[in-house]
Amino acid sequence: MAMDAERRQAELIAQFSAQAAALSSAPQLAALVLEATSHPALFAFSELLTLPALSKLAGTQYASSLDLLRLFAYGTLKDYKSNSGSLPALLPDQVRKLKQLSVLTLAESTKILPYDQLMQELDVSNVRELEDFLINECMYSGIVRGKLDQMRRCFEVQFAAGRDLTPDQLTNMIETLSDWLGTSDSLLHQIQEKIKWADTMSEVNKKHQKEFEDRVEEAKKSIKKLNNLSRQTSTYGGMTTFSLNLEE
């Protein structure tokens, strides 16, 4: 299911990217931004932000459409309301999409979302409206899975689709992965050194074992000679005489 959703996202991004590449005028590109941010199945927008065609909106009277696209990539409904004076008015489909994205942002930091917090963030006035939105627009769409807990007045998130990473988040992730890689390399070196030490000790132990076995064999031979010598020993008149075997 998740793979199908990711494939669908990739297909939509490719579709809008191809459309943007074929457009040249700012009004057409602004209309494309409106279409992309209203699409019911598209939830990733950072790749569209990197398209050279859309950069043409910068510095034009449609530059706010580029800012709106950036908001859909990284922001929330609350962010829009704080900057609505400098952004285009939202269509109902865009409002719904921004609410969905806001739920995903909240789910990134905690898996228990209180109803009061959700109603405030989503600009919802009552619990019934909130639960209908979570069921019909979030869970049925597949972007989240969870449980509505009416007793505790919260939404327990079991799964939430990931949002676009901001440039700062991406930098932090790269740094974290680089640190992890450095630590892994150091640990691997230590393990290799321990393996070498273990191999060396194994050879030393084999050598000691061989020396011990050789000494045991020598001792066995000495004992055997002493036993043979003892059998050839006789006592006469209180004096011990030895009969030497000259053939040995």
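Analyst: At 25% relative accessibility, R96 counts as partly exposed; buried means under 20% relative accessible area, exposed over 50%, and partly exposed in between, with a 1.4 Å probe and protein chains only. Please note that this is a predicted model, in which local features need pLDDT of at least 70, side-chain atom pairs count only at pLDDT 80 or more, and totals for chains, interfaces and linings use all residues. Residues are numbered from 1 along each chain as its sequence is written, and side-chain values use heavy atoms, with hydrogens and water left out.

User: Which residue forms a salt bridge with R96?
Analyst: The partner is E137, with the closest N and O atoms 3.7 Å apart. A salt bridge here is a side-chain nitrogen of Lys or Arg within 4 Å of a carboxyl oxygen of Asp or Glu. The pair links distant parts of the chain, as E137 sits in helix α8 (residues 127–139) and R96 in helix α6 (residues 92–109), 41 residues apart. Helices (H or I, at least four residues) and strands (E, at least two) are DSSP runs, numbered from the N terminus.

User: Is E137 buried, partly exposed or exposed?
Analyst: E137 is partly exposed, at a relative accessible area of 27%.

User: And what does D116 pair with?
Analyst: D116 forms a salt bridge with R153, and their closest N and O atoms are 2.9 Å apart. D116 belongs to helix α7 (residues 115–122) and R153 to the loop between β2 (144–149) and β3, so the pair ties together parts that are 37 residues apart in sequence. D116 is partly exposed at 47% relative accessibility, and R153 is partly exposed at 36%.

User: How about R152, exposed or buried?
Analyst: R152 is exposed, with a relative accessible area of 51%. Its side chain meets that of D149 in a salt bridge of 3.7 Å, N to O, and D149 is buried at 12%.

User: Now D164. Where is it?
Analyst: D164 lies in the loop between β3 (154–160) and α9 (167–231). D164 is buried yet has no salt bridge, and the nearest side chain of opposite charge, R163, is 5.9 Å away. For charge, Lys and Arg count as positive and Asp and Glu as negative, while His and the chain ends are not counted.

User: What does the side chain of D164 make a polar contact with?
Analyst: It makes one with the side chain of S46, at 2.9 Å. A polar contact is a pair of N or O atoms within 3.5 Å; within protein, one must be able to donate a hydrogen and the other to accept it, and residues adjacent in sequence count only if both atoms are side-chain atoms.

User: What does the C-alpha trace span?
Analyst: Along its principal axes, the trace spans about 130 × 50 × 30 Å. Buried residues make up 28% of the 248 residues.
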